[in-house]
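Here's a quick briefing to read with the model open. Have a look at the fold, then go through the points below.

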Amino acid sequence: MASPVDSHPSDDIAQDAAARLAASESLLRRAEALQSELQRFADHLTEVWTDYFQHIPTYMHTSFTSELRAEVESLEKNVRDLKSADPSASHRAQSSNLPFLEPIWETAKRSRDIVRLRCAVSSGPFKKQILAPGTRIVRTQGESQPFRSGSFVIDVVADGGHSWYKVSSMTNKRLLFDLAKEALYCGDSDDEDEPEAQDYSDIPLMKLATSLANVTRGHRIQTRNPSAFLVLPRIKEGEHPEVDNVLAACRRLDVTLLCSDALSPAPPFSDSLLHSMAPSPKASFSEVLNVDTSLLVALASDFSHSTVPKQPWFSHSHNDHADLESERSMLSLVYPVISNHKLVCTKEAAETFSHIVDILATDSEKARADLILRSDTGKPQEQRVRELQLLSIHEVPLCLRLPIGIVDMNEDDCQSRLTDPIKKKLETVMNPGRSVFSYGWASGLTTMTCNSVVIKQLEKDLEQLPTLGDVPWPSIWAFPTSRPFVGVPKATRKRIRKHIGDCSVTCTCGVEELYGHQSNVTIL
């Protein structure tokens with residue numbers, strides 16, 4: 001006779017099914033919690049990178065977001081199937097990718113100034129170093145083309161692009177198995193006293209570390225290679241000499257290993273953590289802002305301050321700017337950034353601006369130009385703001401500091417802070433841009449520009465230098481668009497010709513010889 005406490009087989013099946021369902025629901029809750037944090041991170045990125053010259057937030061997390069979304073959908077389906085007694089659902093729960101995605105997110109939460117999550121980069125071979133994603137002067141995606149030459153995925157690109165983290169789910173047990181498989185773990189092997197003599201090149205963890213080292217050496221960020229970090233949250237050092245020997249071999253590749261005992265718990269998710277993971281680039285602006293000619297023009301342009309009807313004589317560019325302004329006003333991008341800051345520009349930028357005003361500007365554009373730049377009128381800041389408001393359909397901030405000050409590009413001998421190789425690279429930038437960017441850089445000011453093309457080229461030129469020494473990279477904010485003067489029809493304009501190269505003392509390019517005698521030509 002059966003004991004009354006004996007369980008029925010159907011009871012065991014029911015308990016097992018309930019346990020599997022509870023485990024799957026737990027995985028789903030964890031995945032949804034991660035997804036919620038990632039969404040807050042995405043919202044924060046949109047906020048701090050708004051109005052940048054290129055769309056930053058989306059590509060920073062797209063791959064990781066897609067992987068996590070697929071995981072959540074898979075777990076939701078698994079829970080539904082378990083509730084309907086699908087026999088294959090248990091296997092799907094056991095093969096969840098969440099235990100891999102969670103350590104990546106925990107690594108991201110320990111990091112600062114994140115550039116990308118799950119970033120595919122070129123795996124080589126490298127004929128020359130290529131530009132890595134990150135911040136040089138401005139934040140860019142770099143030049144890596146992983147789908148042409150093979151790819152390697154970096155799980156977290158952080159520190160503005162200087163730190164590359166790869167996360168591995170390798171365990172001590174798995175690593176010992178790999179060693180035994182390659183006949184490199186023989187218990188009391190005679191080679192134990194000389195671990196460096198062992199060849200671990202066929203061990204998967206060693207292959208991973210080698211690939212990580214190779215891709216970082218093939219990329220360049222601010223004249224240096226990114227630092228390589230291999231995160232091993234399931235590896236514990238000090239338990240097996242054989243495991244420690246492999247870890248030591250990985251470290252000899254100039255890869256920093258972060259094992260479980262070296263990893264602090266991920267900090268709790270909060271607003272302050274978000275600002276560490278993705279600080280606002282505007283937070284590092286200098287108190288005084290250095291304004292270039294393109295922004296001076298935008299600040300005085302009729303396009304920026306009024307609704308400009310299209311004219312038959314407008315160029316395609318004029319029509320495009322009229323359309324852009326109707327979609328989003330230029331000043332809604334500019335005023336929030338420059339208000340409350342003292343504004344300066346170099347003498348060369350001011351002179352070029354004045355020449356452009358004389359030749360191209362309408363009467364209203366000339367009036368605005370006088371308000372924002374001319375200091376000899378004796379008008380106080382408050383009066384300038386009031387008069388500028390009368391010439392604009394947009395609200396002018398009362399804190400807009402006018403007039404913009406004019407400074408010498410070598411004020412306080414600031415140019416001596418730049419090395420000769422840097423000055424040589426700056427020579428590729430035509431004036432007045434050269435004076436603007438060299439002054440801002442040498443004086444430690446943030447430069448405001450609408451000319452992102454020049455900035456990208458300057459970045460590439462500077463990356464060709466072996467080092468910038470102790471000179472920090474320049475601080476520059478590039479607006480996503482510009483506004484020219486509406487101007488007057490070509491038939492009534494003066495013509496403009498620019499010097500090529502440095503003709504500040506004597507014209508060596510021949511422009512003055514060719515055009516100096518023509519009254520309708522202004523030479524800049």
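The expected span is 1.5 Å times one less than the number of residues in the helix. Helices (H or I, at least four residues) and strands (E, at least two) are DSSP runs, numbered from the N terminus.

Keep in mind that this is a predicted model: local features need pLDDT of at least 70, side-chain atom pairs count only at pLDDT 80 or more, and totals for chains, interfaces and linings use all residues. Residues are numbered from 1 along each chain as its sequence is written, and side-chain values use heavy atoms, with hydrogens and water left out.

**Helix 7 and its Arg 217**

- The buried residues of helix 7 are Leu 205, Met 206, Leu 208, Ala 209, Leu 212, Ala 213, Val 215 and Thr 216; buried means under 20% relative accessible area, exposed over 50% and partly exposed in between (1.4 Å probe, protein chains only).
- Arg 217 also belongs to helix 7, but it counts as partly exposed at 43% relative accessibility.
- Leaving out residues up to four places away in sequence, Arg 217 touches Gln 129, Asn 225 and Leu 253, where contact means heavy atoms within 4.5 Å.
- Ser 227 lies 10 residues from Arg 217 along the chain, and their C-alpha atoms are separated by 9.0 Å.

**Helix 12**

- Helix 12 (residues 316-327) has 12 residues and reaches 17 Å from its first C-alpha to its last, close to the 16 Å expected at 1.5 Å a residue.
- Which residues of helix 12 are buried? They are His 318, His 321, Ala 322 and Glu 325.
- These four sit on the same side of helix 12 because they cover an arc of only 105° around the axis, the arc being that of the directions from the helix axis to the C-beta atoms.
- On the other side of helix 12, His 316 and Glu 327 are exposed.
- The cover over the buried residues of helix 12 includes helix 11 (302-305) and helix 13 (330-338).

**Arg 483, a buried arginine**

- You'll find Arg 483 in the loop between strand 14 and strand 15 (495-497).
- Arg 483 is buried, with a relative accessible area of 2%.
- The side chain of Arg 483 makes a polar contact of 2.7 Å with that of Glu 325, a residue that is itself buried in helix 12.
- A polar contact is a pair of N or O atoms within 3.5 Å; within protein, one must be able to donate a hydrogen and the other to accept it, and residues adjacent in sequence count only if both atoms are side-chain atoms.
- Another polar contact, at 2.9 Å, links the side chains of Arg 483 and Thr 481.
- Beyond its neighbours within four places in sequence, Arg 483 is in contact with residues including Val 297, Ser 301, Phe 303, His 321, Leu 324, Arg 328 and Met 330.

- An open sheet is formed by 5 strands in the order 12-11-10-13-14, with parallel pairing; two strands pair if DSSP finds at least two bridges between them.
- Strand 12 (405-407) and strand 14 (475-478) are at the edges with a single partner strand each, so one side of each has no neighbour in the sheet.
- On average, neighbouring strands of this sheet are turned by 35° against each other, direction ignored.
- Axes here are lines fitted to C-alpha atoms, for helices over the stretch in contact, and angles run from 0 to 180 degrees between N-to-C directions.
- Strand 10 (residues 288-291) and strand 13 (residues 446-449) pair in the parallel sense over 3 bridges, and Asn 290 stands opposite Thr 447 in strand 13.
- Helix 14 (residues 347-360) packs on the sheet and touches strand 11 (342-346) and strand 12, its direction making about 80° with that of strand 11.

- The peptide bond from Gly 124 to Pro 125 is cis, with omega near 0°, and Pro 125 is in the loop between strand 1 (116-122) and strand 2 (130-131).
- Leu 402 to Pro 403 is a cis peptide bond too, with omega near 0°; Pro 403 is in the loop between helix 16 (381-390) and strand 12.
- Asp 113 isn't a glycine, yet it has a positive phi of about 50°, and it is buried at 15% relative accessible area.
- Thr 223, in the loop between strand 7 (219-220) and strand 8 (227-232), has a positive phi of about 70° although it is not a glycine.
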